[in-house]
Amino acid sequence: MSSNWLVDTLHALGIALAFAATGYACVALWAVMKGLRKARQVPPPASPPQPASVLKPLHGAEPRLYENLRSFCLQAHPHYQLVFGVRDPDDPAIAVVERLRQEFPQHAIALAIDPRVHGANFKVSNLMNMLPHAQHDLLVLADADIYVEPDYLARVTAPLADAGTGIVTCLYYGIPGRSLWSRLGRLFIDDWFAPSVKLSNAFGSTRFAFGSTIALRRDALEAIGSFEALRDTLADDFWLGELTRRAGLRTVLSDVVVGTEVSESHLKDLWSHELRWLRTIRSIAPAGFGMTFVCFTSPLLLLGLLLAPGPISVTFGLLGGAARVLLHFLQRRISHQAFAWHEVLLIPLRDALLLMEWAAALAGWQVKWRGQVLHARGDGSAP
């Protein structure tokens, strides 16, 4: 009798896992399709773009740094300023900024070289040093590895005309290098992270903000205590959005999707990077993170089939697998990048690696970021 109970329990567990994985894949597919339809219906800005300062904290000669920074110099915007910042006077990124200054003499390009450290977060310290150089009241923060299209700046600043808007933020797609690990990193962003945000947003959540882009007014920044309020946080982008939300202002997820470099060429680098992301997500939303395993479609469908072989789990497997593949191809359309069709074969490996990283993220809080070893919960009790 106990043996039959165990068999029945495992069978029920297998069906439940297959159902959960299939359900998530289908709902995520719906959210991505809904986002595509919504993006096509967004009208152009009703009024001319207002002057804006773009703040770009830099650190080292990152891959494609010139191409990414140059894309910010090609904006179809009538009046904007670029503010770059480094901590080290010997930082190789300075040479890239000087090259852009020579190439685009018509642009207002400021460079802040300031070694002062104001807290545990070096990026926030950099932003604090850069802010006095910003000339305009519309501020756009974007990480160094971000690539944008010419209409980017006008579109992301347009919602700030509404006084109720706190920040505008953007999702992003991965721009991979040649290595297998880089391509798997791109799939982390495109096939898992972005759809999960779109799903959350489709059900009304705006509890997010991304370093790819955060646009806000200077008065909103000052209302939350400026960058000083973030100087000891790890997830500074999230907390910049969270503090403006607590101040009663709205977060807008822009229809603009920007590119980000995925340059990891070794498994250990990819693992470290993604583990930092996952542990940071865990510190922000621990309950939701505990259920994240349902997002890893391939291993859950396989486990469900092994525990409960039969027509029900096979049906779920086919439906869930089809939704997962369709999600992959829809996300490729969003990025407008050429890609190899055989990359669809990487989906099971990508999902399995994510499941292992998720389990590892539950086992500790330590993260590595730009040479620093930090505790992911260091921002869990932010103001």
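Q: How many salt bridges does a search of the whole structure find?
A: It finds 23 salt bridges. Keep in mind that this is a predicted model.

Q: Nice. Which residue does Arg-70 form a salt bridge with?
A: Its partner is Glu-103, and the closest N and O atoms of the two are 2.7 Å apart. That pair links distant parts of the chain, as Arg-70 is in helix α2 (residues 65-72) and Glu-103 is in helix α3 (residues 93-103), 33 residues apart.

Q: And how accessible are those two? Let's take Arg-70 to begin with.
A: Arg-70 has a relative accessible area of 28%, so it is partly exposed. Glu-103 has 30%, so it is partly exposed.

Q: What about Asp-114, which residue does it form a salt bridge with?
A: That would be Arg-116, with the closest N and O atoms 2.6 Å apart. Asp-114 counts as buried because its relative accessibility is 14%, and buried means under 20%. Arg-116, at 48%, counts as partly exposed.

Q: Which residue pairs with Arg-332 in a salt bridge?
A: Asp-191 does, and their closest N and O atoms are 3.3 Å apart. This pair also links distant parts of the chain: Arg-332 sits in helix α12 and Asp-191 in helix α6 (residues 180-202), 141 residues apart.

Q: Is Arg-332 buried or exposed, and why?
A: Arg-332 counts as buried because its relative accessibility is 1%. Asp-191 counts as buried too, at 5%.

Q: Which residues in α12 are buried?
A: Quite a list! Among them are Ser-313, Phe-316, Gly-320, Ala-323, Arg-324, Leu-327, His-328 and Leu-330. Gln-331, Arg-332, Ile-334 and Ser-335 are buried as well.

Q: Switching topic: which residues make the nonpolar surface patch?
A: Trp-5, Leu-6, Leu-10 and Leu-13 make it, and the patch is about 410 Å². Leu-13 lies in helix α1. With a relative accessible area of 41%, Leu-13 is partly exposed.

Q: Last one. Why is α8 described as largely enclosed by the rest of the structure?
A: Helix α8 (residues 236-246) has 11 residues and nine of them are buried, so the rest of the structure largely encloses it. The buried ones include Phe-238, Trp-239, Leu-240 and Leu-243, and also Asp-236, Glu-242 and Arg-245.

Q: And what comes just after α8?
A: Just after that helix, Gly-248 takes a positive phi of about 90 degrees.

Methods:
Residues numbered from 1 in each chain as written. Predicted model: local features only at pLDDT ≥ 70, side-chain atom pairs only at ≥ 80, totals over all residues. Heavy atoms only, no water. Buried < 20%, exposed > 50% of the residue type's maximum accessible area, 1.4 Å probe, protein only. Helix = DSSP H or I, 4+ residues; strand = E, 2+ residues; numbered from the N terminus. Salt bridge = Lys/Arg side-chain N within 4 Å of Asp/Glu carboxyl O. Patch = residues over 30% accessible without salt bridge, like charges linked within 9 Å, V, L, I, M, F, W, Y side chains within 5 Å. Areas by Shrake-Rupley, 256 points an atom, 1.4 Å probe, with all protein chains shown as cover.
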